[in-house]
Amino acid sequence: MTFQELKELSVKLPVSERLALVNLIVQSLQAELVPVSLPGVPNENPVQLSVSQAIDQMRGLLKTEQPAPTDADVKTMLEERRIEKFS
């Protein structure tokens, strides 16, 4: 069965069955293991992390020492971007 056929069939399912299908897909994704090379770990032995663990690590990479911008800062950045974009 192709992806297109699966899409066409899935929209014809009752809501409860579509929700069950989505739940099954999410569970299967959570069960997947993602090989990740971590600092200090040789590349030939990558650490196996679950998807949720990998996401948690990625969130940690996004953290900074700086405070989050204020609403006024964001408004200014957006205004500057619009001026840049449309100039």
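This is a dialogue on reading features of a predicted model.

Trainee: What should I know about the model and its numbering before I start?

Mentor: The model is predicted, so local features need pLDDT of at least 70 and side-chain atom pairs count only at pLDDT 80 or more, while totals for chains, interfaces and linings use all residues. Residues are numbered from 1 along each chain as its sequence is written, and side-chain values use heavy atoms, with hydrogens and water left out.

Trainee: How many helices and strands does the protein chain have, and in what order do the elements run?

Mentor: Helices (H or I, at least four residues) and strands (E, at least two) are DSSP runs, numbered from the N terminus. Here there are 4 helices and 2 strands, and the order from the N terminus is α-α-β-β-α-α.

Trainee: What percentage of the residues counts as buried?

Mentor: Buried means under 20% relative accessible area, exposed over 50%, and partly exposed in between, using a 1.4 Å probe and protein chains only. In this chain of 87 residues, 6% count as buried.

Trainee: Is serine 10 buried or exposed?

Mentor: Serine 10 counts as buried because its relative accessibility is 19%. Its place is in helix α1, which covers residues 3-10.

Trainee: Which residues is serine 10 in contact with, beyond its neighbours within four places in sequence?

Mentor: Contact means heavy atoms within 4.5 Å. With those neighbours left aside, serine 10 is in contact with Arg18 and Leu21. Leucine 21 belongs to helix α2 (residues 15-31) and, at 30% relative accessibility, counts as partly exposed. The C-alpha atoms of leucine 21 and serine 10 are 8.5 Å apart, with the two residues 11 apart along the chain. Not counting residues up to four places away, leucine 21 touches Leu13 as well as Ser10.

Trainee: What share of contacts between residues at least 6 apart in sequence joins residues at least 24 apart?

Mentor: That share is 0% in the protein chain.

Trainee: How many salt bridges does the rule count?

Mentor: Side chains of opposite charge can pair when their charged atoms come close. A salt bridge is a side-chain nitrogen of Lys or Arg within 4 Å of a carboxyl oxygen of Asp or Glu. The count is 1: glutamate 84 pairs with arginine 81, and the closest N and O atoms are 3.7 Å apart. Both lie in helix α4 (residues 71-86), 3 residues apart, so about one helical turn separates them. Glutamate 84 is exposed at 58% relative accessibility, whereas arginine 81 is partly exposed at 47%.

Trainee: Which residues form the nonpolar patch on the surface?

Mentor: Patches are made of residues with over 30% relative accessible area and no salt bridge; like charges are joined within 9 Å, and nonpolar side chains (Val, Leu, Ile, Met, Phe, Trp, Tyr) within 5 Å. Here Met1, Phe3, Leu6 and Leu9 form the patch. Leucine 6, in helix α1, is partly exposed at 44% relative accessibility.

Technical notes
Accessible areas come from the Shrake-Rupley method with a 1.4 Å probe; for residues, only the protein chains shown count as cover.
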